[in-house]
Amino acid sequence: MVLNPAKREKKSQYDQKLCRLLDEYTQVLVVAADNVGSTQMQNIRKGLRGDSIILMGKNTMMKRSIRLHAERTGNDAFKNLLPLLVGNVGFIFTKGDLKEVREEIAKYKVGAPARVGLVAPIDVIVPPGNTGLDPSQTSFFQVLNIPTKINKGTVEIVTAVELIRKGEKVGSSEAALLSKLGIRPFSYGLVVVSVYDNGTVFSPEVLDLTEDDLMEKFRSWLSNVTSLSLAVSFPTLAAAPHMFINAYKTALSLAVATEYTFPQAEKIKEYLKDPTKFAVAVGGDAAAPATSAKEDKAEQSEPAKEEEEESDEDLVAGLFD
């Protein structure tokens, strides 16, 4: 099959653009574009203009361009993008902060009605309350087993009802009822499904991790490494301080139980031979704070005694006035 020269030129330009972006940008967000309209896509492009570029295209063409470019440049990291090209997806090449770019994309989600045959991305719950519909419309509610009552000439839903579950297809009755109630339950926009950063591919949930989360995970991993090292007596940087302390305790207990000694054990042995030295050492440190506390208490009590004496003198003097 001979390609139209115009189509061949367009494919060549697309291939050159994709290869240029792969060389220029090291960060790529792979986004799903299901149910995203052209006007919505245009608004997203405007919002990201400056440090990000959106590139959509056919998966087969994108895979071919990436594969050939990886072979030409010898950079096999580009091939990590190939398994991600499934479904209606595209690329967002960016030099900005990945989390901020994802948050900017989320601003352009728009509400959409429930169309027949559409797979529900979320659970749809019809809230209780007055619908404003006249009693002739009760047939819609009866078909869907929604409890209602007539209140002041209008249909009122008695309790909240789960109309559609996530993953189910929207039926004609559900779509008609939601349309009559004016409910637009779904919202659509570009959804980040994978992140490519310098050859590494990871889930977008990683972008939600904070420094506190990373520190908590690091502490947990460090504790596990330390425990394992101590259990198998394998020295590591994390377990070394604990090993030294345990070795010192073992040597100290050996020195206390035998005549063997070393400089760090001399003081402990003296305390064991004469416990009063230990009491003096501890008592000497605590004596100063205790003395100062007593002096402060005495100073506080003296003005109180003087006030009591003055009040007694005033009382006696008042008796003789």
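This is a short walk through a predicted model, stop by stop, with something to select at each one.

**Stop 1: a residue tucked inside**

Start by selecting His-69, which sits in helix α3, the stretch covering residues 59-73. Is His-69 buried or exposed? With a relative accessible area of 4%, His-69 is buried, because anything under 20% falls in that class. Now bring up what His-69 touches beyond the residues up to four places away in sequence: Cys-19, Leu-22, Asp-23 and Phe-78.

**Stop 2: a loop residue**

Next, click on Asp-34. You'll find Asp-34 in the loop that runs between β1 (27-32) and α2 (38-48). Asp-34 has a relative accessible area of 44%, so Asp-34 is partly exposed. Which residues does Asp-34 contact, once its neighbours within four places in sequence are set aside? Show Asn-88 and Tyr-188, and you have them.

**Stop 3: two helices crossing**

Now select residues 211-232, helix α7, together with residues 240-257, helix α8. The axes of α7 and α8 come within 10 Å and cross at roughly 40°. That makes α7 and α8 oblique to each other, and their crossing is right-handed. To see where α7 and α8 meet, show Thr-226, Ser-229 and Leu-230 on the α7 side, then His-242, Met-243 and Asn-246 on the α8 side. Sorted by class, this contact has two nonpolar residues, four polar ones and no charged ones.

**Stop 4: salt bridges**

How many salt bridges does the structure hold? There are seven, and here are some to look up:

- Select Asp-76 and Lys-79, whose side chains meet in a salt bridge with an N to O distance of 3.9 Å. Lys-79 counts as partly exposed, at 33% relative accessibility.
- Move on to Glu-104 and Lys-107, another salt-bridged pair, with the closest N and O atoms 3.2 Å apart. Lys-107 is exposed, with a relative accessible area of 61%.
- Then pick Glu-162 and Arg-165, where the side chains meet in a salt bridge at 3.4 Å, N to O. Glu-162 has 39% relative accessibility and counts as partly exposed.

Key
Residues are numbered from 1 along each chain as its sequence is written. This is a predicted model: local features need pLDDT of at least 70, side-chain atom pairs count only at pLDDT 80 or more; totals for chains, interfaces and linings use all residues. Side-chain values use heavy atoms; hydrogens and water are left out. Helices (H or I, at least four residues) and strands (E, at least two) are DSSP runs, numbered from the N terminus. Buried means under 20% relative accessible area, exposed over 50%, partly exposed in between (1.4 Å probe, protein chains only). Contact means heavy atoms within 4.5 Å. Axes are lines fitted to C-alpha atoms, for helices over the stretch in contact, and angles run from 0 to 180 degrees between N-to-C directions. Angles under 35 degrees count as roughly parallel, over 145 as roughly antiparallel, 65 to 115 as roughly perpendicular and the rest as oblique. A crossing is left-handed if the near helix is turned anticlockwise from the far one by less than a right angle, and right-handed if clockwise. Ala, Val, Leu, Ile, Met, Phe, Trp, Tyr, Cys and Pro count as nonpolar, Asp, Glu, Lys and Arg as charged, and the others, Gly among them, as polar. A salt bridge is a side-chain nitrogen of Lys or Arg within 4 Å of a carboxyl oxygen of Asp or Glu.
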